[in-house]
Amino acid sequence: MEHIPRGWSVEGAKLVRRIELDDYWKVVVASLAVSLLAIWRDHHPTLIVEFRSLVVELFSHDVGAVTDRDLELARLINGVIPPLLMDQDGQVG
C-alpha cells in the first residue's frame, strides 16, 4: 500500500482517523467539511460524530479494500484539518 497519510492508521481493511477537537460544534463543522470533500470526490466514508471527536473510516466498497482513492481523500481531509495543528499522534487540539 502507498504511504499512509499522517494521522491515519489501517484498522482491519479500513483507513481510519480519529480527529479529537475541544468542542462538539468543531466536530460538527469538521464532519461537514469532510462530507463536502467526500461528495466532491464521489466517495462514501463512514463518519462517526462523537462529543469531542470525529472518526473517519475510508474503504472502497466496490473493491473491498483501501485504494488510492481512499489515500487521496485522506490527504485532502488532512488539508482541511491542518497537519500543523496535529500533535505527534495526529490529534488536533
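Which residues of α1 are buried? They are V27, A30, S31, V34, L37 and A38. Buried means under 20% relative accessible area, exposed over 50%, and partly exposed in between (1.4 Å probe, protein chains only). Seen down the axis of α1, these buried residues fall within an arc of 125°, so they line one face of the helix. The arc is taken over the directions from the helix axis to the C-beta atoms.

This is a predicted model: local features need pLDDT of at least 70, side-chain atom pairs count only at pLDDT 80 or more, and totals for chains, interfaces and linings use all residues. Residues are numbered from 1 along each chain as its sequence is written, and side-chain values use heavy atoms, with hydrogens and water left out.

The elements run β-β-α-β-β-α from the N terminus. Helices (H or I, at least four residues) and strands (E, at least two) are DSSP runs, numbered from the N terminus. Of the chain's 93 residues, 39% count as buried.

Back to α1. Cover for its buried residues includes β3 (46-49), β4 (53-58) and α2 (68-80), by contact, meaning heavy atoms within 4.5 Å. The face turned away from the buried side carries the exposed residues W25, L32, L36, I39 and W40. Just after the helix, D42 takes a positive phi of about 55°.

Y24 lies in helix α1. At 40% relative accessibility, Y24 counts as partly exposed.

Across the chain, the exposed surface comes to about 5400 Å², with carbon and sulfur atoms supplying 58% of it. Such areas come from the Shrake-Rupley method with a 1.4 Å probe; for residues, only the protein chains shown count as cover.
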